[in-house]
Amino acid sequence: MSLTIRDAVASDAKTIYDFIIELAIYEKEPDAVVTTVEETKEKIFNENSNVKALICEENGKPIGHAIYFYNYSTWLGKYGIYLEDLYVTESKRGLGAGKKMLKYLAKKALEENCGRFEWSCLDWNKPSRDFYESIGAKSQDEWIGYRLEGDSLINFANS
């Protein structure tokens, strides 16, 4: 098995859209997705987009994606990476794809002198919350968000 992470390109829009639908079903909101493949392509890949995407592949076949963008912390005076979506197709969970994408983004945050790498998680999603805490992310209980910063970010990125 070979897992690779790569930047998504416009021709990945349908794959990303399909993962968005799978994620919505997993999150018990299958009817909440109102975007289209065309909108996904236009919003993520137009030249002025602030949104970025990664594709995780197993032996060249997409098995997951991450969608992220940059935010700014007024208190730190630094940009941060905000992970909007992290998804691995159900049959491919447990291979390390999610952790590999998180680590890729943690390293990117360090390389770009970001102060934070953060995301949110549904409060009922205990398997994901347990996983995030196992890598050193700290729960922001009022938001159910997660953050890697300081030593936790450095340790996870370099582990």
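**Reading a helix pair and a pocket**

Q: At what angle do helix α3 and helix α5 pack?

A: Helix α3 (residues 97-111) and helix α5 (residues 150-158) pack at about 120°, and their axes are 8 Å apart. Axes are lines fitted to C-alpha atoms over the stretch in contact, and angles run from 0 to 180 degrees between N-to-C directions. Helices are DSSP runs (H or I, at least four residues), and strands are E runs of at least two, numbered from the N terminus. This is a predicted model, where local features need pLDDT of at least 70 and side-chain atom pairs count only at pLDDT 80 or more, while totals for chains, interfaces and linings use all residues. Residues are numbered from 1 along each chain, and side-chain values use heavy atoms, leaving out hydrogens and water.

Q: Which residues of α3 and α5 meet?

A: Contact means heavy atoms within 4.5 Å. From α3 come K99, L102, K103, A106, K107, A109 and L110; from α5 come L153, I154, F156 and A157. They divide into eight nonpolar, no polar and three charged. Here Ala, Val, Leu, Ile, Met, Phe, Trp, Tyr, Cys and Pro count as nonpolar, Asp, Glu, Lys and Arg as charged, and the others, Gly among them, as polar.

Q: Which element gives the most to the lining of the largest pocket?

A: A pocket is an open set of points on a 1 Å grid over the protein atoms alone, with protein on both sides within 12 Å along at least five of seven lines; lining residues have an atom within 4 Å of a point. Here β4 gives the most, with seven residues. The lining has 38 residues, with L23, E27, D85, L86 and Y87 nearest the centre. It divides into 22 nonpolar, eight polar and eight charged.

Methods:
On a 1 Å grid over the protein atoms alone, a cavity is a set of points where a 1.4 Å probe fits but cannot get out, and a pocket is an open set with protein on both sides within 12 Å along at least five of seven lines; lining residues have an atom within 4 Å of a point.
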